[in-house]
Amino acid sequence: MTKGFTEKDRIILMKVAYLLWFARDAINFKPKFKERLEALSEEVGLLRGIKWIDTGLIKDNDGKIIDNDCEVTVSYDDAEVTVVFETNDGFTATSSFEIPEELGYIK
């Protein structure tokens, strides 16, 4: 299931799941996404990103990583990661964070 995903994709997804899990009390996630984050939180390190890919993520032609089940899109460039998702109250939320300098060399 991880075909087409790069090492950097896996690392980015691991960081996204980790950061959003810790924000779970401040963000009104849809129940399905909150459950996904909870399940991923039980994994360690890079396994968190790999397990998320294994749930059926797709990568479109623009490089966006999409979780259709949870209505989440993750995209990134050399400097920033952007996560777009629907909240439980119907709003579209965006969360962004800088890519750590040490990830810049990973393809």
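This is a predicted model: local features need pLDDT of at least 70, side-chain atom pairs count only at pLDDT 80 or more; totals for chains, interfaces and linings use all residues.
Q: Why is H2 called oblique to H3?
A: H2 (residues 31–41) and H3 (residues 47–54) pack at an angle of about 135°, with axes 9 Å apart. Roughly perpendicular covers 65 to 115 degrees and roughly antiparallel needs over 145, with the rest counted as oblique. That makes H2 oblique to H3. As for handedness, the crossing of H2 and H3 is right-handed.

Q: Which residues make the contact between H2 and H3?
A: On the H2 side you'll find Phe33, Arg36, Leu40 and Ser41, and they meet Arg48, Lys51 and Trp52 in H3. Sorted by class, the contact of H2 with H3 has three nonpolar, one polar and three charged residues.

Q: What makes H1 roughly perpendicular to H2?
A: The axes of these two come within 9 Å and cross at roughly 115°. Since the roughly perpendicular range is 65 to 115 degrees, H1 counts as roughly perpendicular to H2. H1 passes H2 in a left-handed crossing.

Q: Which residues does H1 use to meet H2?
A: H1 brings Ala17, Leu20 and Trp21, and these meet Phe33, Lys34, Leu37, Glu38, Leu40 and Ser41 in H2. The contact of H1 with H2 divides into six nonpolar, one polar and two charged residues.

Q: And why are H1 and H3 called roughly perpendicular?
A: Look at the angle: H1 and H3 pack at about 95°, with their axes 7 Å apart. The label covers 65 to 115 degrees, and H1 and H3 are therefore roughly perpendicular to each other.

Q: What residues sit in the contact of H1 with H3?
A: From H1 come Arg10, Leu13, Met14, Val16, Ala17 and Tyr18, which meet Arg48, Gly49, Ile50, Trp52 and Ile53 in H3. By class, that contact of H1 with H3 has eight nonpolar, one polar and two charged residues.

Q: How do you know that alanine 17 is buried or exposed?
A: Check its relative accessibility, which is 1% for alanine 17. Buried means under 20%, so alanine 17 counts as buried. Alanine 17 lies in helix H1. Not counting residues up to four places away in sequence, alanine 17 touches Leu37, Leu40, Arg48 and Trp52.

Q: What about leucine 40: buried or exposed, and how do you know?
A: Leucine 40 has 4% relative accessibility. With the cut-off for buried at under 20%, leucine 40 counts as buried. Leucine 40 is found in helix H2 and, with residues up to four places away in sequence left out, touches Ala17, Arg48, Lys51 and Trp52. Leucine 40 and isoleucine 50 are 10 residues apart in sequence and 9.6 Å apart in space, C-alpha to C-alpha.

Q: How do you know which side of the cut-off aspartate 9 falls on, buried or exposed?
A: Aspartate 9 comes out at 0% relative accessibility. Buried is under 20%, so aspartate 9 counts as buried. The place of aspartate 9 is in helix H1. Neighbours within four places in sequence aside, aspartate 9 is in contact with Gly4, Lys59, Ile65 and Tyr76.

Q: Which residues touch the most other members of the largest nonpolar core?
A: This core has 24 residues, and Val16, Phe33, Trp52, Val72, Val74, Val81 and Val83 touch the most other members. At least two residues of this core come from each of H1, H2, H3, S3, S4 and S5. The largest share, six residues, comes from H1. As for valine 74, its contacts beyond four places in sequence include Ile12, Leu13, Val16, Trp52, Val81 and Val83.

Q: What makes the phi of glutamate 71 worth a look?
A: Most residues other than glycine have a negative phi. Glutamate 71 is not a glycine, yet has a positive phi of about 55°. Glutamate 71 sits in the loop between S2 and S3.

Q: Why is glutamate 71 called partly exposed?
A: Glutamate 71 has 40% relative accessibility. Buried is under 20% and exposed is over 50%, with partly exposed in between, so glutamate 71 counts as partly exposed.

How values were computed:
Residues are numbered from 1 along each chain as its sequence is written. Side-chain values use heavy atoms; hydrogens and water are left out. Axes are lines fitted to C-alpha atoms, for helices over the stretch in contact, and angles run from 0 to 180 degrees between N-to-C directions. Helices (H or I, at least four residues) and strands (E, at least two) are DSSP runs, numbered from the N terminus. Angles under 35 degrees count as roughly parallel, over 145 as roughly antiparallel, 65 to 115 as roughly perpendicular and the rest as oblique. A crossing is left-handed if the near helix is turned anticlockwise from the far one by less than a right angle, and right-handed if clockwise. Contact means heavy atoms within 4.5 Å. Ala, Val, Leu, Ile, Met, Phe, Trp, Tyr, Cys and Pro count as nonpolar, Asp, Glu, Lys and Arg as charged, and the others, Gly among them, as polar. A nonpolar core is a set of buried Ala, Val, Leu, Ile, Met, Phe, Trp, Tyr and Cys residues joined through side-chain atoms within 4.5 Å. Buried means under 20% relative accessible area, exposed over 50%, partly exposed in between (1.4 Å probe, protein chains only).
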